[in-house]
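Q: Could we go through this structure together, one topic at a time?
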Amino acid sequence: MTANKAGADGARPTGGETAHQFRYPNFDWLRIAAATAVLFSHSFLLAQGTEANEPWRQLTGTILGIYGVCVFFVISGFLITRSAFNSGTLRSFTLARVLRIYPALAACAALTSFGLGLAFTSMEPARFLADLIPLKHTIKTILHPGTPYDLASVQFYPDARNMGRTFNGSLWTIPQELACYVIVGLLFALRLLRWPVMALLLLLTLPALSLWNADAAPEPISNFLLVAASFFAGALVFFVWRRQQRLPAWPLLPCAALLGLAIATDQSFGLFPLYGAYPLLMLATARRWSLPDLKGFGDISYGMYLYGWPVQQTLVALAGGVGAISWHALFALSTFVAALLGYASWHLLEKRALRWKPQPSQRPVRQAAAEHG
């Protein structure tokens with residue numbers, strides 16, 4: 001998830017300085033927290049075979065993991081919109097997005113398809129490879145991430161819900177993120193990347209308004225509607241931030257009121273983009289309360305998200321299947337392993353791929369925004 005995993009540098013230029021020269025380390029910390037939230041909820045699903053006992057679901061009716069996904073999309077909406085303004089051209093914007101998403105996705109698909117595929121296939125290994133099953137699955141994942149959810153002949157463990165055949169259930173968010181990128185790119189190309197358009201898109205996709213029957217819609221559309229409002233909310237906050245490269249505190253009051261309304265009307269998830277996006281991004285861009293910079297450590301959140309599900313499936317299988325490992329043991333072990341893989345993914349592949357990314361526009365964000373938005 002994807003969520004976005006774009007760079008978090010850029011804040012408050014002064015004088016001749018440009019936005020891309022700065023870093024906001026809180027973005028990296030929030031993304032790690034979001035990836036950890038996804039692993040937390042999946043630990044219940046895979047260790048117990050159900051999410052019924054997940055505390056956040058019992059409290060709000062919705063698992064913590066989907067809030068983690070929405071946090072990714074809020075951050076993505078803010079940073080991708082800013083990236084469009086800094087890119088200057090649609091070509092450079094598109095190339096930057098491709099380099100950020102696809103190298104790590106392709107590597108994860110190949111490593112898990114061949115490695116875990118060979119480890120858990122019911123076929124003879126030679127036949128498994130001769131039939132090009134892992135190669136075909138890798139290509140399908142690159143072309144259409146998240147489908148198919150299983151890998152032919154591979155089952156991690158038998159279970160009543162057949163979850164043991166789900167190869168990487170987290171990848172359903174990648175097509176939704178790519179769709180949001182396409183929307184931003186088209187709006188940028190048409191010179192329609194403006195706050196009223198983002199506000200309209202937010203209202204059209206807000207789960208609480210139920211303008212669309214997401215449950216009756218085809219899966220790609222219902223999945224998009226589940227997270228798109230969070231992306232557009234993050235993009236809308238960017239237009240507030242770009243005026244002075246900071247977020248004022250007064251909108252926190254209406255956000256708090258909306259949170260109270262959400263709790264009172266049992267719409268904690270449905271109204272999340274309205275009450276959650278602004279405080280999250282205010283925290284992310286708060287220079288005065290910045291956490292330690294993780295620039296040297298790296299942005300491990302994308303790798304954590306990509307590898308988290310396969311890691312958890314492997315641990316459940318090694319433990320003996322559903323019910324053989326506690327959720328907290330699975331959560332602790334999988335978080336550690338996924339973080340290591342995220343670290344390796346960033347340092348061995350992701351940051352190297354980003355060296356090919358076009359340099360941001362040398363104009364300050366405020367000037368670029370004024371000319372394009």
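Q: Which residues of α11 are buried?
A: In this predicted model, the buried residues of α11 are Phe272, Pro273, Tyr275, Gly276, Ala277, Tyr278, Leu280, Leu281, Met282 and Ala284. With 10 of its 13 residues buried, α11 is therefore largely enclosed by the rest of the structure.

Q: And what covers the buried residues of α11?
A: The cover includes the helices α1 (26-48), α3 (64-87), α8 (195-205), α9 (219-244) and α10 (252-264).

Q: What span should α11 have at 1.5 Å a residue?
A: The 13 residues of α11 (residues 272-284) should span 18 Å, and the end C-alpha atoms are 17 Å apart, which agrees.

Q: Changing topic: at what angle do α4 and α7 cross?
A: The axes of α4 (residues 90-120) and α7 (residues 173-189) cross at roughly 170° and come within 10 Å. Angles over 145 degrees count as roughly antiparallel, and α4 and α7 are therefore roughly antiparallel to each other.

Q: Which residues make that contact?
A: From α4 these are Leu90, Phe93, Arg97, Ile101, Tyr102 and Leu105. From α7 they are Ile174, Glu177, Leu178, Tyr181, Val184, Gly185, Phe188 and Ala189. The residues of this contact divide into 11 nonpolar, 1 polar and 2 charged.

Q: What about confidence: what is the mean pLDDT of the chain?
A: The mean is 89, and 90% of the residues reach 70 or more.

Q: Which elements have the lowest and highest mean pLDDT?
A: Helix α14 (residues 365-372) has the lowest, at 37, and helix α12 (residues 301-319) the highest, at 98. Over residues 362-373 the pLDDT is below 50. Residues 1-21 also stay under 50, and the model has 77 contacts for them beyond four places in sequence.

Definitions and conventions
Residues numbered from 1 in each chain as written. Predicted model: local features only at pLDDT ≥ 70, side-chain atom pairs only at ≥ 80, totals over all residues. Heavy atoms only, no water. Axes fitted to C-alpha atoms, helices over the stretch in contact; angles between N-to-C directions. Helix = DSSP H or I, 4+ residues; strand = E, 2+ residues; numbered from the N terminus. Parallel < 35°, antiparallel > 145°, perpendicular 65-115°, else oblique. Contact = heavy atoms within 4.5 Å. Nonpolar A, V, L, I, M, F, W, Y, C, P; charged D, E, K, R; others polar. pLDDT = per-residue confidence, 0-100. Expected span 1.5 Å × (residues − 1). Buried < 20%, exposed > 50% of the residue type's maximum accessible area, 1.4 Å probe, protein only.
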